[in-house]
Amino acid sequence: MATTTGKTEELRDLANEHLWMPFRSWVDMERHDEPLVIERSKGIHVWDSDGREWIDVNGGYTSVSVGYGRTEIAQAMRDQMRTLPYWPEGTTTPPLARLVKKLAELTPGSLERTWPVSGGSEANETAIKIARAYHKRRGEPGRYKIVSLKGTYHGGTGVTMWLGRPAGINLSDFEPEYPGMVYAPLPNPYRCEKGGKTPSECSVRCAKALEDLIVFHGPQTVAAVIAEPVCSGLGGVVPGDEYWPLVRRICDKHGVLLIDDEVVCGFGRTGRWFGIDHWDVVPDIMTMAKGLGSSYVPVGAAVVTREVADAFAGEQNILRQALTYGGHPVAAAVALKNIEVIEEEKMVENSAKMGAYFLGQLRGLEEKHHIIGEVRGLGLLMGIELVADRKTKAKFPASLRVGERLVEKFRKQGLLLRTLGNIIQLGPPMCITKTEVDEIVRGLDTAIGEIETELPAKA
Amino acid sequence: MAKVSETQALRDASLRYLWMHNRDWTQMAEEGEPLVITEGKGIRVKDSEGKTWIDVNGGYTSVNAGYGRTEIAGAAYEQAMKTVFAPVGTTTEPVVRLAAKVAELAPGSLNRVFLVSGGSEANETAIKIARAYQRRRGEPGRYKIISRRGSYHGMTGGVLFTGGGPANPRADFEPVYPGMLYAPQPNPYRCEMGGTTPSECAVRCAQAVEDLILENGPKTIAAFIGEPVAVPQGAAVPGDEYWPMIRQICDKYGVLLIDDEVICGFGRTGKWFGNQHWNIVPDIMSVAKGIVSSYLPVAATVVKDEIAEYFSERDATLSHVFTNAGHPVTAAAALKNIEIIEKENLVQNAAEVGAYLKEQLTGLKVDHPIVGDVRGLGCFAALDLVSNKETKTGFKPEDKMAQRMTDKLRKRGLLLRSRGDMLHMGPPLCITRDDVDDIVHAIDVSLWELEGEMGIARTT
């Protein structure tokens, strides 16, 4: 057992005195010898300041896609920073020009013009601004409403935080809410709001409900639909195959733009370059972040189809938006090298293969543990939903703090792992191997087995 | 240096695939744009064809330590070789040390640091904290945000509709965020409240804030946000009465004071933070650009202990997160950047050379009939061009003053942002007096040429 060093204590004290960590209580951390201070990392593993080794099952925020410790990305960053550490957009730099060209190649259809940013929130804000401004350019200034899917997360900034209204976020703190938000049902086959009994039935009904909402509000008031191909926050919720083609058709029919949020799904996470590729649908705007730079530095982008971008050509049509770090040359160099690593090591294929294997192993756990209601996912974006009663799908009461207790038990197994209430979210780096999957599944098995004996669940 | 054909390939790729800020790519194509910048050192950058430029704006008034600081690249690399990121809910040494360092530099009890990736996110975070704080202390009716007309606080939804004005049209992005209130800008040269001295303008503009609060009802106001020295207004320095009065008014009515130091912070105005010119301590302070001299995307929202306390317990945490809220590589770069600013006394250099810059620019005002006002503080200055000095009338849009000045300055090796009738300057803080002479001379000659073209006689 590792002992706490003086340095760990010093850093912990400083952190609890000065650092505001998201969703963490510094008072509570002080009481429990937290936070962990991470010193080194490699692949899917990290080591803390007391020398303990952990598996980072979520790879950061489902974001360290190529895995930790890729020295060639660190070198690409250093080399660019030594030559030209920064340059504002409005002109260009070599890595930026190369990156946007590469993104046009990778993204489907006529998606080709990139507005580079520093993160997912900025990417989605930019997409929504472009959508609204686009409708104004084409003479439909009344289109301002944004349709999102209930329970989906799209960001933490002024407009994006009101999208989806995800669970676990106390939005009342930030009222007033932004106008024009419309919420459609999430095509979640396990808990279909529209009562669909199969993924297919659920997806058709949810798509129909989305169209009904557009018609109810009046299509001439709706600017865009925004959604993730696979809902990440609720642990890899995969819609039935009908959903995306139907949504594309509905958007076209009503003149509504389709914004595809690939912040989590993009760059191989679901076993394809982009989540939407599973259904051969081309959105009007695609947003990306995490996997674009594997979190080596902050970077994101909104990629727009030629048809939509063309509306902004000409001096009178310029989109008035600038961001200091939009088009950062170092971020661009990192993203380029990251994409090269994904390509050269066939990580998208590995994500599909390991994801299928992982899901298969999780199905084994599902048979064994009666508190598992469902395991689901696509590629390496997966989730386990725990229930108090498999038949009724009843959730455990929040007072039992199942999520937090599980996090504790995972830690005893050497796993750092996120939960959202009763949902275990899984999104490891795409360099993961079979042996590592087995190790994680063993840890999950033990931890879930332990909590099962403590919970008042029906067999 | 890239080959010419390679330059063309990079240009073509940018024109077709890159959405460049506030630019029209069809026009750029006709004009042989964009420039491809490949290297930087100090206040100068080099393009792909080997030509050297002075970057008078230091990026977006953001490269405070100057280009070519290989030690920042070294620090970022070293951290990247250890770990580039950390699992959810954990932290890393540079992130902790950066939070502690920012708290140490920030005045008063501004001690709790929420790290983000840019100025927009920092101001969004500040506003979210302000609204949530008012609820926590039992005043949920306080949601309105007061900003000053003509200010700029960011591009994302919650800050997009603060400030504003003709230079930043927002109609494209409506609907407006609810609860936005606008106060006058204490710009002594064009005082909206008719003040004829900086002092009079400051007092009247501060009074207008109090009036606005009373008119709306103090119980509906969450926060006031402003930059110590306003940016889009061309470094408009308020009279000395302004900030102390604003602090007092905010206290009197329970309104939080958010100080946007995104541009002014980290030495830009000749002090570590702009607010130190007037010895006031805001409740929340946002910082970005200068914290890392733009070497990587990082920024922060700094909060007083008394406010942060409301969010300290397990069931009271703020529901707010960004993937990169505490990124170790960006933090390592920021720490090294701050170290450079300290070691090389760049804050003091900004004050000294900045004063010299302003003095030299003020000389232009005497010589040139179209220079209406010269203003600034530290390494932050602007020229306000007018067609008539007495009436302070600007130029007609069809005169294309900004474009023509930019072109003339480019001929003389200066990259300098002009907007409307305003020339903006915010060079790296490592600038020397010789650099200032180069810049001022180029501006002088360009103005002279422009005046000649317009048939305006020189005053002397």
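A residue is called buried if 20 or more other C-beta atoms lie within 10 Å of its own, exposed if 12 or fewer do, and partly exposed in between, with C-beta atoms placed from the backbone. Keep that in mind for what follows.

This is a predicted model, in which local features need pLDDT of at least 70 and side-chain atom pairs count only at pLDDT 80 or more, while totals for chains, interfaces and linings use all residues. Residues are numbered from 1 along each chain as its sequence is written, and chains are lettered from A and ligands numbered from 1 in the order in which they are written.

On confidence: pLDDT is the predictor's confidence in each residue, from 0 to 100. Chain B averages 95, and 98% of its residues score at least 70. For the model, ipTM is 0.96 and pTM is 0.97.

I will start with helix α8 of chain B. Helices here are DSSP runs of H or I with at least four residues, strands are runs of E with at least two, and both are numbered from the N terminus. Helix α8(B) covers residues 198-216; at 1.5 Å a residue its 19 residues should span 27 Å, and the end C-alpha atoms are 27 Å apart, which agrees. That expected span is 1.5 Å times one less than the number of residues.

Which residues of α8(B) are buried? They are B:P198, B:C201, B:A202, B:C205, B:A206, B:V209 and B:I213. They cover an arc of only 130 degrees around the axis, so they sit on the same side of α8(B). The arc is taken from the directions from the helix axis to the C-beta atoms. The face turned away from that side carries the exposed residues B:D211, B:L214 and B:E215. The cover over the buried residues includes β6, β7, β8 and α9 of chain B. Just after α8(B), B:G217 has a positive phi of about 90 degrees.

Next, B:Y253, in helix α9 of chain B. B:Y253 is partly exposed, because 17 other C-beta atoms lie within 10 Å. Beyond four places in sequence, B:Y253 is in contact (C-beta atoms, placed from the backbone, within 7 Å) with B:I213, B:P218 and B:I221. B:P218 is 35 residues away in sequence, but 5.8 Å away in space, C-alpha to C-alpha.

Last, the interface. The contact takes 105 residues from chain A and 103 residues from chain B. On the chain A side, helix α6 (residues 120-137) gives the largest share, eight residues.

Methods: Two residues are in contact if their C-beta atoms, placed from the backbone, lie within 7 Å.
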